[in-house]
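Colleague: I have a few questions about this model. Can you put it up and go through it with me?

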Amino acid sequence: MKRFTLLALALLTLFVFAPMRQIAHPVTDEQSSISETPSAPTITDSPLGHESSVTATVSDSDPKLSDGDLVIQTLERACQVELDALWTFDTSEFSSVYINDPRFPVSPDTLRFVRRITKDESLAYVGYLDFRLAERKHYHEGVRKWNAIAEKMKAENRTEMTEDERLSLISPSGDVYPAPPPPPDVVMQTTSCAYAVQSIDIEGDIAIVVASKGATTDEWYLVNRDGRWYIAGRKILIMHP
């Protein structure tokens with residue numbers, strides 16, 4: 001039981017904070033798999049203390065912050081929104097940080113994943129917001145399964161799962177459903193939403209950010225809609241040991 005729970009908790013860490021599933025990527029990307037370490041110089045400092053490879057223009061919405069700063073703020077806010085939803089299961093704020101943009105289609109594997117979670121095989125297009133909502137729904141389903149088993153084990157005064165219970169924690173895709181997160185105070189003490197930014201490139205309404213946080217270095221794709229930045233895709237570049 002303990003080994004199985006530890007395995008699931010390890011999978012939860014990857015699932016919630018660093019999903020390994022191949023996800024949204026620009027049409028120009030030939031492959032959204034792990035690639036070599038990007039080499040991007042850091043030559044400018046932002047007012048928020050982030051390093052960027054590009055001096056971004058000042059946003060009309062807030063003359064004190066550059067577009068680069070606002071882009072990083074969006075990434076950090078998305079991290080906090082995800083953390084808040086760990087225990088509340090409330091995804092109503094996801095649309096304030098994520099967006100569907102046809103210029104950033106998800107991979108075929110992700111499209112199949114969203115179709116399975118939403119039980120809608122007719123979906124022809126899926127964006128990054130769709131993906132994040134589906135993945136969180138999958139996570140919540142897993143938490144409910146784990147909690148139900150834990151309550152039953154407690155009621156029956158046992159410490160081992162039955163074989164049927166173990167099998168019930170295997171999702172249709174073959175992975176173990178995510179386990180419930182640790183208590184909020186533990187997560188908040190050990191999780192940071194700060195990014196180590198390697199580069200920010202902004203052209204028109206599209207921003208591409210290479211940044212590290214936690215177990216991964218990622219390339220993030222953001223779009224500006226009505227003066228506000230939203231995350232439209234992500235590609236994992238490096239998994240850190």
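Colleague: What should I know about the source?

Modeller: This is a predicted model, where local features need pLDDT of at least 70 and side-chain atom pairs count only at pLDDT 80 or more, while totals for chains, interfaces and linings use all residues. Residues are numbered from 1 along each chain as its sequence is written, and side-chain values use heavy atoms, with hydrogens and water left out.

Colleague: Back to strand 4. How many bridges does it make with strand 3?

Modeller: Seven, in the antiparallel sense, with strand 3 covering residues 196-203. Two strands pair if DSSP finds at least two bridges between them. Asp-201 has Ile-208 in strand 4 as its bridge partner.

Colleague: And the turn there, which residue has a positive phi?

Modeller: Gly-204, at about 65 degrees, in a hairpin with two residues between the strands.

Colleague: What about strand 4 with strand 5?

Modeller: Strand 5 (residues 216-225) pairs with strand 4 over eight bridges, again antiparallel. Val-210 is bridged to Glu-219 in strand 5, and Ser-212 to Thr-217. This hairpin also has two residues between its strands, and Gly-214 takes a positive phi near 65 degrees.

Colleague: In what order do the four strands of the sheet run?

Modeller: The order is 3-4-5-6, in an open antiparallel sheet. Strand 3 and strand 6 (228-239) are at the edges with a single partner strand each, so one side of each has no neighbour in the sheet. The twist averages 15 degrees from one strand to the next; axes are lines fitted to C-alpha atoms, for helices over the stretch in contact (heavy atoms within 4.5 Å), and angles run from 0 to 180 degrees between N-to-C directions.

Colleague: Which strands does helix 2 lie across?

Modeller: Helix 2 (residues 67-88) lies across strands 3, 4, 5 and 6, at about 75 degrees to strand 6.

Colleague: New topic. How many disulfides are there?

Modeller: One, between Cys-79 and Cys-193, with the sulfur atoms 2.1 Å apart; the cut-off for a pair of cysteine sulfur atoms is within 2.5 Å. Cys-79 lies in helix 2 and Cys-193 in the loop between helix 6 (184-190) and strand 3, so the pair ties together parts 114 residues apart in sequence.

Colleague: Which hand, and are the cysteines buried or exposed?

Modeller: The S-S torsion is about -75 degrees, so the disulfide is left-handed. Both Cys-79 and Cys-193 are buried.

Note on methods: Buried means under 20% relative accessible area, exposed over 50%, partly exposed in between (1.4 Å probe, protein chains only).
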